[in-house]
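Subject: Structure handover

Hello,

Here is the structure for your files. My notes follow below it.

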Amino acid sequence: MNASKIAYKPVGMALGAVSGVIAGAAFKQTWKMIEGEGDAPDAMDEHRSWQQILIASAIQGAIFAVVKAAVERSGAVATRRVTGRWPG
């Protein structure tokens, strides 16, 4: 295993946690703009329609994927700057 992969392991784990927090906050704000309420529907919420639950899930998934990709890419770029090698 090369140095860049070793250096990226703890960075990647920390960035994973950070990306979850960022994505959660971004989704919460996005949902407030869409529905005008704070809480997104839960799949088990019997008072919400299928449409509302599936739309919320799709938006949440998209936000999490974009944030995760952006944070992982930023971590890889930072690792390359420090070690001179791409961590992949």
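Ser 19 is in contact with Val 67, Lys 68 and Val 71, leaving aside its neighbours within four places in sequence. Contact here means heavy atoms within 4.5 Å. Ser 19 sits in helix H1. Ser 19 counts as buried because its relative accessibility is 8%. The cut-offs are under 20% relative accessible area for buried, over 50% for exposed, and partly exposed in between (1.4 Å probe, protein chains only).

Before you read on, note that this is a predicted model: local features need pLDDT of at least 70, side-chain atom pairs count only at pLDDT 80 or more, and totals for chains, interfaces and linings use all residues. Residues are numbered from 1 along each chain as its sequence is written, and side-chain values use heavy atoms, with hydrogens and water left out.

Overall fold. The chain has 2 helices and 0 strands. Both terms refer to DSSP runs, numbered from the N terminus: H or I of at least four residues for helices, E of at least two for strands. The C-alpha atoms fill a box of roughly 55 × 20 × 15 Å along the principal axes. The radius of gyration is 17 Å, whereas a compact globule of 88 residues would be near 12 Å. That radius is taken over C-alpha atoms, and the globule rule is 2.2 Å times the number of residues to the power 0.38. Of the 88 residues, 22% are buried. Take contacts between residues at least 6 apart in sequence: 56% of them join residues at least 24 apart.

Core. Which residues make up the largest nonpolar core? They are Ala 23, Phe 27, Trp 31, Ala 56, Ile 63, Val 67 and Val 71, 7 residues in all. H2 gives the most, with 4 residues. A nonpolar core is a set of buried Ala, Val, Leu, Ile, Met, Phe, Trp, Tyr and Cys residues joined through side-chain atoms within 4.5 Å.

Trp 31 has a list of partners of its own. Not counting residues up to four places away in sequence, Trp 31 touches, among others, Gly 36, Pro 41, Arg 48, Gln 52, Ala 56 and Ile 59.

Asn 2 lies in the segment before H1. Asn 2 is partly exposed, at 24% relative accessible area. Its C-alpha atom is 48 Å from that of Glu 35, 33 residues away along the chain.

Best wishes
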